[in-house]
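I opened the notebook to record what I looked up in this structure. The entries follow in the order I made them.

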Amino acid sequence: VVRVESTAELQGALLRLTRTEGGAAGFDALVMAAAVADFRPATQADHKLERGGGLSLQLEPTPDVLAQIARLVHGTDRTGDAAGVPIVPAPVLVGFAAETGSLDRAADKLRRKGIDLLVANDVAEPGSGFGTDTNRVTILSATGARDELPLLPKRAVADEILDRALRVLDERDGAAQTGRSTITAREPA
């Protein structure tokens, strides 16, 4: 367990863990269920701010830690060009997209981040998102698959996500790990 309190601490911890000294992945799968924060104050005060006439708070985006880890795993830079040695076998990377009103941006987010799976949900939908025991998600895959799950308890959603991550991991390098693949042919969905 590595405890972090800021995006910068999370970024540092993941950068240290992503590639071992031998060059292998430091983990089999990374599930980034939520960003620590999408924005942070642009400047930090080094002293207590006194009450007064008002305060303006300027925010700046935090780094996209998952996209950075994906580039490291794939050995690419921000433009997709080769910039290092890819990690083989690559860990499975899973991201989340909490949207409001539509999931139209989800496929582009999956592609931009360079991850294997993206779990998207409309947090404005009743029974879905924050503060509920249930969720309705769509799981998008880098292969183009798109699975829309019904409203389920969050534990069942987590099980579905982990099943898919394991399937990607097994399809990618099951034979290298065990000498055989455990994936069996199944009927198309």
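This is a predicted model: local features need pLDDT of at least 70, side-chain atom pairs count only at pLDDT 80 or more; totals for chains, interfaces and linings use all residues.

Entry 1. I then checked for a charged partner and found lysine 109, which forms a salt bridge with glutamate 99, the closest N and O atoms being 3.5 Å apart. The pair links distant parts of the chain, since glutamate 99 is in strand 4 and lysine 109 in helix 3, ten residues apart. Lysine 109 is buried as well, with a relative accessible area of 16%.

Entry 2. I turned to glutamate 125 and arginine 136, whose side chains meet in a salt bridge at 2.3 Å, N to O. Glutamate 125 sits in the loop between strand 5 and strand 6, and arginine 136 in the loop between strand 6 and strand 7, so this pair ties together parts eleven residues apart in sequence. Glutamate 125 is partly exposed at 23% relative accessibility, and arginine 136 is partly exposed at 33%. I also noted a network: Glu99, Arg105 and Lys109 are joined by salt bridges that share partners.

Entry 3. How many salt bridges does a search of the whole structure find? I got twelve. One of them joins the side chains of glutamate 60 and arginine 40, at 2.8 Å, N to O. Glutamate 60 lies in strand 3 and arginine 40 in strand 2, so parts 20 residues apart in sequence are tied together. Both residues are partly exposed, glutamate 60 with a relative accessible area of 27% and arginine 40 with 34%.

Entry 4. Leucine 57 is in the loop between strand 2 and strand 3, and at 62% relative accessibility leucine 57 counts as exposed.

Entry 5. I went through helix 2, residues 65–74, where the buried residues include Val65, Leu66 and Ile69. The buried residues of helix 2 pack against helix 1, strand 1, strand 4 and helix 3. Just after helix 2, glycine 75 takes a positive phi of about 70 degrees.

Entry 6. I looked up the largest pocket and wrote down a volume of about 930 Å³. It is lined by 36 residues, and the closest to its centre are Ala33, Ala34, Ala35, Phe96 and Ala97. Which element gives the largest share of the lining? Helix 4 does, with five residues.

Terms used. Residues are numbered from 1 along each chain as its sequence is written. Side-chain values use heavy atoms; hydrogens and water are left out. Helices (H or I, at least four residues) and strands (E, at least two) are DSSP runs, numbered from the N terminus. Buried means under 20% relative accessible area, exposed over 50%, partly exposed in between (1.4 Å probe, protein chains only). Contact means heavy atoms within 4.5 Å. On a 1 Å grid over the protein atoms alone, a cavity is a set of points where a 1.4 Å probe fits but cannot get out, and a pocket is an open set with protein on both sides within 12 Å along at least five of seven lines; lining residues have an atom within 4 Å of a point. Grid points are joined across faces, edges and corners, and a volume is the space filled by probe spheres set on the points. A salt bridge is a side-chain nitrogen of Lys or Arg within 4 Å of a carboxyl oxygen of Asp or Glu.
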